[in-house]
There are 2 protein chains.
Amino acid sequence: MNAEIIAVGTELLLGQITNTNAQFLSKQLAELGINVYYHTVVGDNQTRLKSAIEIAKKRADLLIFTGGLGPTKDDLTKETISSSLKRSLVMDEEALLSIEDYYKKINREMSENNRKQALVIEGSEVLPNKHGMAPGMLVSIHGKSYMLLPGPPKEMQPMFIEFGCPAIMKQLKIQERIESRVLRFFGIGESQLETDISDLIDSQTNPTIAPLASDYEVTLRLTAKHGTSEGAKKLLDMVEKDILSRVGRFFYGYNDTTLCDEVIKMLTDKSLTISSAESLTGGLFSESLTRVSGASSIVKGGIVCYTNEIKQSVLQVSEMTLSENGSVSERCARELAINVKSCLSSNIGISFTGVAGPEELEGKPVGTVYIGIALPNDKVKIYNVLLAGSRQGIRERAVKYGLHYLLEEIKNL
Amino acid sequence: MNAEIIAVGTELLLGQITNTNAQFLSKQLAELGINVYYHTVVGDNQTRLKSAIEIAKKRADLLIFTGGLGPTKDDLTKETISSSLKRSLVMDEEALLSIEDYYKKINREMSENNRKQALVIEGSEVLPNKHGMAPGMLVSIHGKSYMLLPGPPKEMQPMFIEFGCPAIMKQLKIQERIESRVLRFFGIGESQLETDISDLIDSQTNPTIAPLASDYEVTLRLTAKHGTSEGAKKLLDMVEKDILSRVGRFFYGYNDTTLCDEVIKMLTDKSLTISSAESLTGGLFSESLTRVSGASSIVKGGIVCYTNEIKQSVLQVSEMTLSENGSVSERCARELAINVKSCLSSNIGISFTGVAGPEELEGKPVGTVYIGIALPNDKVKIYNVLLAGSRQGIRERAVKYGLHYLLEEIKNL
């Protein structure tokens with residue numbers, strides 16, 4: 001069984017966007033044990049798309065299309081495949097209802113061209129779109145399977161995971177169980193992590209160990225195959241134990257969790273509330289925590305004290321601290337953490353002050369960051385880190401360090 | 001003249017990396033006026049690469065290959081093309097010298113397989129690699145041109161710009177100038193925008209008009225060709241004027257600007273400061289503005305008032321408002337905007353309160369958002385929008401609506 005991924009969209013050929021869909025799907029298919037031999041990108045052009053389908057049919061068993069399912073005239077993936085396969089398009093009532101609902105909800109009138117999104121190829125299994133309007137579909141004809149997915153990654157990815165992947169597995173009667181587990185690390189670089197477990201990586205066969213660095217974190221994806229799901233999980237447990245015995249202190253969670261999720265989970269478990277005083281991070285810490293649904297019971301609020309004026313007037317940082325130590329200092333971080341905790345009556349106060357750049361500040365180099373944590377037992381911890389990167393990179397990593405240190409401190413309470 | 005971009009590398013088919021090279025080259029070729037009709041990705045496999053070459057030869061005049069020029073056994077792009085074109089590989093002495101130099105410089109012995117990197121297809125123009133070892137090349141046979149570029153973007157990109165692009169222009173005797181301009185819109189959907197200008201899109205030839213929706217915004221890329229750069233710009237001006245006469249009220253800026261950039265620019269021009277009170281957006285507004293370097297002179301700070309307790313204690317929202325109207329109300333948005341403006345002594349105060357979900361709140365449906373703007377002239381404007389989407393989607397769009405309304409209000413000051 002082998003697959004070809006065909007992305008449809010002139011914006012890809014103009015270089016306006018990158019084909020991240022092909023990467024996502026390739027990874028997913030690799031985990032299912034399906035070989036991908038080609039990716040193709042073709043524009044919103046019926047003749048060229050038709051020719052791409054003809055070529056792909058000869059060299060792949062499963063053709064996965066992304067993009068071109070929308071309401072406009074440019075969107076013609078469905079129409080072209082339907083004509084190529086000589087199967088008509090039929091209205092999917094469920095999809096139509098969900099599109100109509102969407103328009104009711106946003107209080108706009110549905111323009112007529114939106115009905116077109118609910119058309120599906122006759123005889124196909126419809127893949128619901130929970131994050132947008134156009135449904136996906138899977139149809140099999142003459143021993144070849146065609147899966148159509150929407151272009152926007154935030155619609156395509158959840159659709160593939162929830163509906164596309166199971167549909168393929170059912171069709172292939174995949175029996176061998178494949179189990180995956182992602183271990184997440186923060187505070188260690190990719191090359192250091194790889195060095196620390198290089199013998200494990202080198203000898204990997206089952207489970208496999210795939211390191212990946214992104215967003216200032218490193219993850220290890222462990223994948224095991226076995227006749228039973230339990231057997232595969234046991235294999236994962238064994239290699240995980242081995243890995244964590246070496247680099248466990250940088251490990252913070254599994255799979256899709258985030259540092260924010262873990263902090264919220266831990267604060268909720270211990271019934272602790274938190275508030276923040278943010279200078280260089282400008283609200284990013286607060287925004288990251290409140291992105292998690294359920295944050296409202298533990299996040300009381302925050303003060304973005306971007307100027308020294310606000311640090312003094314709202315957060316009572318002393319004149320002396322600002323004039324003697326400056327705003328980028330251990331002392332300022334300490335006062336901010338203590339005062340935001342008391343001002344917002346929370347159990348924990350955290351503060352961020354530093355230099356995001358592009359210019360140095362108060363003689364401190366770009367990347368200097370002080371993080372203060374005022375704890376329920378009235379202890380205050382100050383962390384000082386020096387971070388490299390862009391302005392936004394420094395802000396993002398500062399927040400991650402704050403979350404990382406919070407986890408350590410709360411664990412020890 | 002049309003081109004096909006062929007990326008060679010199994011790591012792409014396994015989803016380990018994204019094909020950013022195709023995006024980069026597509027943009028570059030679009031600017032040269034060369035149409036790209038297909039991207040292909042193929043693995044490190046001689047048979048399948050050969051077949052991809054045969055297909056591309058039939059549908060493109062210029063074939064650009066990236067990847068597979070390195071020293072290992074997996075690297076076989078050059079070898080496959082040379083066999084496909086029946087042209088032998090010859091040692092390029094200059095390239096060999098530069099590889100030997102490289103090894104001397106890093107004080108390591110050059111392994112024998114590295115010599116292979118200096119082999120080029122006979123008769124080709126060699127494109128020097130200033131950031132790595134493997135040279136690129138351009139060779140023309142039977143009216144088709146083949147350009148081979150290295151895979152790593154930090155080698156490929158400068159090589160293409162410095163040597164690849166001029167080589168193509170020389171070959172094509174390109175004289176015509178191409179100018180592009182992106183118009184950015186917020187507050188109008190893609191399908192509505194397309195409907196409003198459908199006759200312009202349908203009749204487009206020069207300039208072309210390409211719509212694209214992303215991040216809750218819509219952009220139109222206008223591209224014009226003309227003998228002179230000024231002539232091309234004039235063509236762009238004309239179609240822009242036509243477009244803006246219809247949908248100008250949703251237009252906010254050009255090219256890579258953002259709503260944040262425009263707000264900061266306008267506030268700076270008018271010497272106005274701003275502060276924010278954020279409930280459902282949890283700091284995202286403040287974080288978005290302070291992401292822009294230079295925000296510190298106009299952003300005073302903000303209060304994240306995630307709980308009603310903070311709305312009352314820090315922002316003095318009245319007990320009565322919260323008990324009678326609730327926190328998700330016009331009145332609460334009004335008090336938050338007025339009070340944050342005075343509490344943080346800024347010229348403008350903006351507030352966000354609403355329901356990000358997943359559950360409804362105070363009987364208000366998910367997606368209900370109130371935005372308050374307290375202006376320097378003591379007027380207060382309240383906007384109410386109902387947004388669809390995920391929790392984070394609602395928060396992001398709420399912030400964009402806030403920025404959009406701010407622009408309108410400041411413009412009218």
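**Close-up views of a predicted model**

About 800 Å² of area is buried between domain 2 of chain A and domain 3 of chain A, with carbon and sulfur atoms giving 65% of that. Buried area here is the accessible area, found with a 1.4 Å probe, that two parts lose on being put together, summed over both.

A quick word before the views: this is a predicted model, so local features need pLDDT of at least 70 and side-chain atom pairs count only at pLDDT 80 or more, while totals for chains, interfaces and linings use all residues. Residues are numbered from 1 along each chain as its sequence is written, chains are lettered from A and ligands numbered from 1 in the order in which they are written, and side-chain values use heavy atoms, leaving out hydrogens and water.

**View 1. Here is where domain 2 of chain A meets domain 3 of chain A.** Chain A is split into domain 1 (2–172), domain 2 (177–254) and domain 3 (259–411), with the bounds coming from an automatic or database domain assignment. Six residues of domain 2 of chain A are in contact with nine residues of domain 3 of chain A, where contact means heavy atoms within 4.5 Å. The C-alpha centres of these two domains lie 32 Å apart. Which three residues supply 74% of the area that domain 2 of chain A buries against domain 3 of chain A? Look for F186(A), Y216(A) and Y252(A), which supply more of that area than any other three residues.

**View 2. Step back for a moment and take in chain A.** Its C-alpha trace spans about 80 × 55 × 40 Å along the principal axes. Of the 413 residues in chain A, 55% are buried. Buried means under 20% relative accessible area, exposed means over 50%, and partly exposed is in between (1.4 Å probe, protein chains only). Among contacts in chain A between residues at least 6 apart in sequence, 66% join residues at least 24 apart.

**View 3. Now zoom in on helix α9 of chain A.** This helix covers residues 229–247, and at 1.5 Å a residue its 19 residues should span 27 Å; the end C-alpha atoms are 27 Å apart, so the two agree. The expected span is 1.5 Å times one less than the number of residues in the helix. Buried residues of α9(A) include L236(A), V239(A), E240(A), I243(A) and V247(A). An α-helix has 3.6 residues a turn, so residues three or four places apart point the same way. The buried residues of α9(A) pack against several elements of chain A, among them β9 (177–185), β10 (208–214) and β11 (217–226).

**View 4. N255 can be viewed in both chains.** N255(A) sits in the loop between β12 and α10 (259–269) of chain A and is partly exposed at 36% relative accessibility. Which residues does N255(A) touch, not counting residues up to four places away in sequence? They are R181(A), V182(A) and R184(A). In chain B, N255(B) lies in the loop between β12 (251–254) and α10 (259–269). The phi of N255(B) is near 55°, a positive value in a residue other than glycine.

**View 5. K300(A) reaches across to chain B.** You'll find K300(A) in strand β14 (residues 299–304) of chain A. Is K300(A) buried or exposed? With a relative accessible area of 12%, K300(A) is buried. The side chains of K300(A) and E309(B) are joined by a polar contact of 2.6 Å. A polar contact is a pair of N or O atoms within 3.5 Å; within protein, one must be able to donate a hydrogen and the other to accept it, and residues adjacent in sequence count only if both atoms are side-chain atoms. K300(A) also touches, among others, T273(A), L344(A), V304(B) and Y306(B).

View 6. A disulfide is a pair of cysteine sulfur atoms within 2.5 Å, and the structure holds zero of them over all chains. C305(B) is buried at 0% relative accessibility, and C332(B) is buried at 0% too. C332(B) is one of the buried residues of α14(B).

Methods: Helices (H or I, at least four residues) and strands (E, at least two) are DSSP runs, numbered from the N terminus.
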